[in-house]
Amino acid sequence: MPLAERHLALRRDPHSGEVLARGGDAVARSILERTGFVPVVRYHDRYHRLPKNLGRAEEEHLATRAVARLQAVGYHVEADTAFATEHREPYYLPLGAQVAHLATRIREAESTEDAAAALTELTADHDGILPALAEVLAAAADFYEHLGGPADRYTAKRLRYLSGERLAVIDADLRTTRNELADRHTPHPQRRPCTGEVGPGETEASTVCPCPVPVTTTRPSAPAALPPVPAGRHR
C-alpha cells in the first residue's frame with residue numbers, strides 16, 4: 001500500500017468549524033464511516049465530515065474514537081490536540097468483509113458445485129444474504145414512512161421499489177445462475193486440487209508437485225506468474 005494512504009489528517013476546519021478527515025485508503029474510509037463520519041465526494045476533492053448539528057462534546061468524542069480506531073490498525077493520524085489519544089480501539093472484521101469472502105471462495109472454486117455453494121449463501125430462501133437485504137430495505141422504508149418530513153414518504157416508496165423490483169431482478173438472475181451451476185457437476189478446467197504428491201516413477205527426493213500455477217486475479221501491473229515446474233526437474 002502506498003505510504004501516503006497510511007496517513008490521514010483529522011482536524012476542525014478553521015473557516016467552517018466542521019470536523020474533517022482527509023486522506024487514507026478504502027479501509028480508512030470504512031473505519032471513518034463506521035465511526036459516524038459522512039463521506040463527501042466533490043469533483044476535485046474527497047473527504048469525510050461529522051454529521052451536522054452535533055454538540056462540540058459529541059464531535060470531540062467521535063473524532064477521538066476515529067483516531068483510536070485508525071491508529072489501532074496502523075494508520076498515522078495528524079489530529080488536533082482535542083482529538084489526540086494514545087488509546088487503541090480494536091477494529092473487528094465487519095459483516096461486509098465476511099460477505100466479501102464469498103468472492104474468495106468463488107475464485108478458489110475447483111468445480112461448479114463449489115461455486116454454486118458460495119452463491120447459495122446469497123440466494124438461500126430462508127437466510128440468504130439477498131433475502132436479508134430485502135428485509136433491511138423494507139425496515140428502512142417503514143422507518144422513513146413515519147418520520148413526517150416532506151420527502152420521507154417518497155424515500156420510503158423508493159426503498160420499497162429497490163427491495164421489491166430492483167433487488168428482485170438481481171435475486172432471480174443469481175438463482176438461475178446458481179441452479180445452472182448446481183446441475184453441471186463440472187470441474188473447473190484451470191483449477192484442480194494439488195495434493196503435493198509426485199508420480200510413482202519419480203525417485204528424487206527433491207521432485208516437486210507438477211500442478212499448474214493457481215489462477216489468481218492480479219492488477220495489470222503485477223508480474224506474470226511463473227510457469228509450472230515439470231515433473232522430475234529441480235527449481
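1. In this predicted model, Leu20 stands opposite Arg49, a residue of strand S4. The two strands concerned, S2 (residues 19-23) and S4 (residues 45-49), pair in the antiparallel sense, and their pairing extends over two bridges.

2. The pairing of S2 with S4 belongs to an open sheet of five strands, whose order is S3-S4-S2-S1-S5 and whose pairing is mixed. Strand S3 (38-42) and strand S5 (76-79) each have a single partner strand and stand at the edges, so one side of each is left without a neighbour in the sheet. From one strand to the next, the twist averages 25°.

3. Which strands does helix H1 touch? Helix H1, formed by residues 26-34, packs on the sheet and touches strand S1 (7-12) as well as S2, S3 and S4, while its direction makes about 35° with that of S4.

4. Helix H2, which spans residues 56-72, lies across S1, S2 and S5, and relative to S1 it runs at about 170°.

5. A separate point concerns the surface, where Phe143, Tyr144 and Leu147 make a nonpolar patch of about 310 Å². Of these residues, Tyr144 has its place in helix H5, which comprises residues 129-145. Is Tyr144 buried, exposed or partly exposed? Its relative accessible area is 31%, and Tyr144 is therefore partly exposed, given that the partly exposed class lies between the buried limit of under 20% and the exposed limit of over 50%.

How values were computed: Residues numbered from 1 in each chain as written. Predicted model: local features only at pLDDT ≥ 70, side-chain atom pairs only at ≥ 80, totals over all residues. Heavy atoms only, no water. Pairing = 2+ DSSP bridges. Helix = DSSP H or I, 4+ residues; strand = E, 2+ residues; numbered from the N terminus. Axes fitted to C-alpha atoms, helices over the stretch in contact; angles between N-to-C directions. Contact = heavy atoms within 4.5 Å. Patch = residues over 30% accessible without salt bridge, like charges linked within 9 Å, V, L, I, M, F, W, Y side chains within 5 Å. Areas by Shrake-Rupley, 256 points an atom, 1.4 Å probe, with all protein chains shown as cover. Salt bridge = Lys/Arg side-chain N within 4 Å of Asp/Glu carboxyl O. Buried < 20%, exposed > 50% of the residue type's maximum accessible area, 1.4 Å probe, protein only.
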